[in-house]
Amino acid sequence: MLPRARDKKRAQKLILDKADWLAGHLHNLPPPMPFDPGAEVLLRGKNVALVKETGRGKAREADGALIIPCPKGANFAGRTRRALIALARQELDIQSRHHADSLNTHFSAITVRDTHSRWGSCSAAGRLNYSWRLICAPADVLDYVCAHEVAHLIEHNHGPRFWALVEARVGPAKAPRRWLRDNASQLFAVGAEA
Ligand SMILES: [Zn+2]
């Protein structure tokens with residue numbers, strides 16, 4: 001075979017291999033969990049049904065359900081999203097404060113957003129940033145991310161002293177880290193359009 005032809009064959013094979021991998025990957029993607037009344041979403045590691053209630057007020061958690069008050073004509077999906085962000089903020093705040101108190105440190109503020117590259121981060125100015133999607137993960141996973149970011153207020157690296165602080169707070173980090181790796185696409189399916 002001429003070098004050119006060989007390169008072309010090799011390139012074709014590479015593309016086919018990649019296409020197979022991509023197709024397998026897409027196939028394994030979890031189904032979207034749109035914010036529709038009656039649909040299920042992931043909350044604190046469990047599937048709960050979204051219940052629409054006509055009216056105003058705060059969203060509330062009931063057995064296996066998340067009840068979203070929604071005035072007539074209001075956007076249910078938007079209300080659901082805001083309710084999950086509020087629940088996330090509340091939980092992330094409690095856990096971060098708890099770890100900061102125990103480690104005798106403090107943070108300046110907490111930001112909750114739809115982050116894409118990291119579940120949490122800690123700025124040089126002591127601001128903690130989190131993904132609201134952590135409220136969809138089991139409580140011990142959210143707790144681990146809080147301990148991780150709070151420990152960065154003291155150790156700005158991922159060295160042995162950093163991990164010792166984290167694990168002193170929440171135990172071995174391996175399981176929650178693995179959960180986040182294995183379930184990232186599940187967390188991003190929450191609120192995705194069908
Ligand atoms: Zn880190």
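User: How many helices and strands does the chain have?

Analyst: This is a predicted model, and its chain has 5 helices and 7 strands. From the N terminus on, they come in the order α-β-β-β-β-α-β-β-β-α-α-α.

User: What makes the chain more spread out than a compact globule?

Analyst: Set the value against the rule. The radius of gyration is 21 Å, while the globule rule gives 16 Å for 194 residues. The value is well over the rule, so the chain counts as more spread out than a compact globule. As for extents, the C-alpha trace spans about 70 × 50 × 25 Å along its principal axes.

User: Where do the domains lie in the chain?

Analyst: Domain 1 covers 1-30 and domain 2 covers 75-189. Their centres, taken over C-alpha atoms, are 38 Å apart.

User: Why are E1 and E3 called edge strands?

Analyst: Look at the strand order first: this open sheet of 4 strands goes E1-E2-E4-E3, and its pairing is mixed. Strand E1 (40-43) and strand E3 (60-62) each pair on one side only, and that is what puts them at the edges. On average, neighbouring strands here are turned by 40° against each other, with direction ignored.

User: How do you know that E2 and E4 pair?

Analyst: Count the bridges. Two strands pair if DSSP finds at least two bridges between them, and strand E2 (46-54) and strand E4 (65-70) have 6, in the parallel sense. Glu 53 is opposite Pro 69 of E4, for instance.

User: Which helix lies across E2 and E4?

Analyst: Helix H2, residues 76-102, lies across both strands and runs at about 125° to E4.

User: Why is H3 called roughly perpendicular to H5?

Analyst: Helix H3 (139-151) and helix H5 (174-189) pack at about 105°, with 9 Å between their axes. Angles of 65 to 115 degrees count as roughly perpendicular, so H3 is roughly perpendicular to H5.

User: Which residues meet where H3 packs on H5, and what classes do they belong to?

Analyst: On the H3 side, Asp 140, Val 141 and Tyr 144 meet Pro 176, Trp 179 and Leu 180 of H5. By class, the contact has 5 nonpolar residues, no polar ones and 1 charged. Asp counts as charged, while Val, Tyr, Pro, Trp and Leu count as nonpolar.

Key:
Residues are numbered from 1 along each chain as its sequence is written. This is a predicted model: local features need pLDDT of at least 70, side-chain atom pairs count only at pLDDT 80 or more; totals for chains, interfaces and linings use all residues. Helices (H or I, at least four residues) and strands (E, at least two) are DSSP runs, numbered from the N terminus. Axes are lines fitted to C-alpha atoms, for helices over the stretch in contact, and angles run from 0 to 180 degrees between N-to-C directions. Two residues are in contact if their C-beta atoms, placed from the backbone, lie within 7 Å. Domain bounds come from an automatic or database domain assignment. Angles under 35 degrees count as roughly parallel, over 145 as roughly antiparallel, 65 to 115 as roughly perpendicular and the rest as oblique. The radius of gyration is taken over C-alpha atoms; the globule rule is 2.2 Å times the number of residues to the power 0.38.
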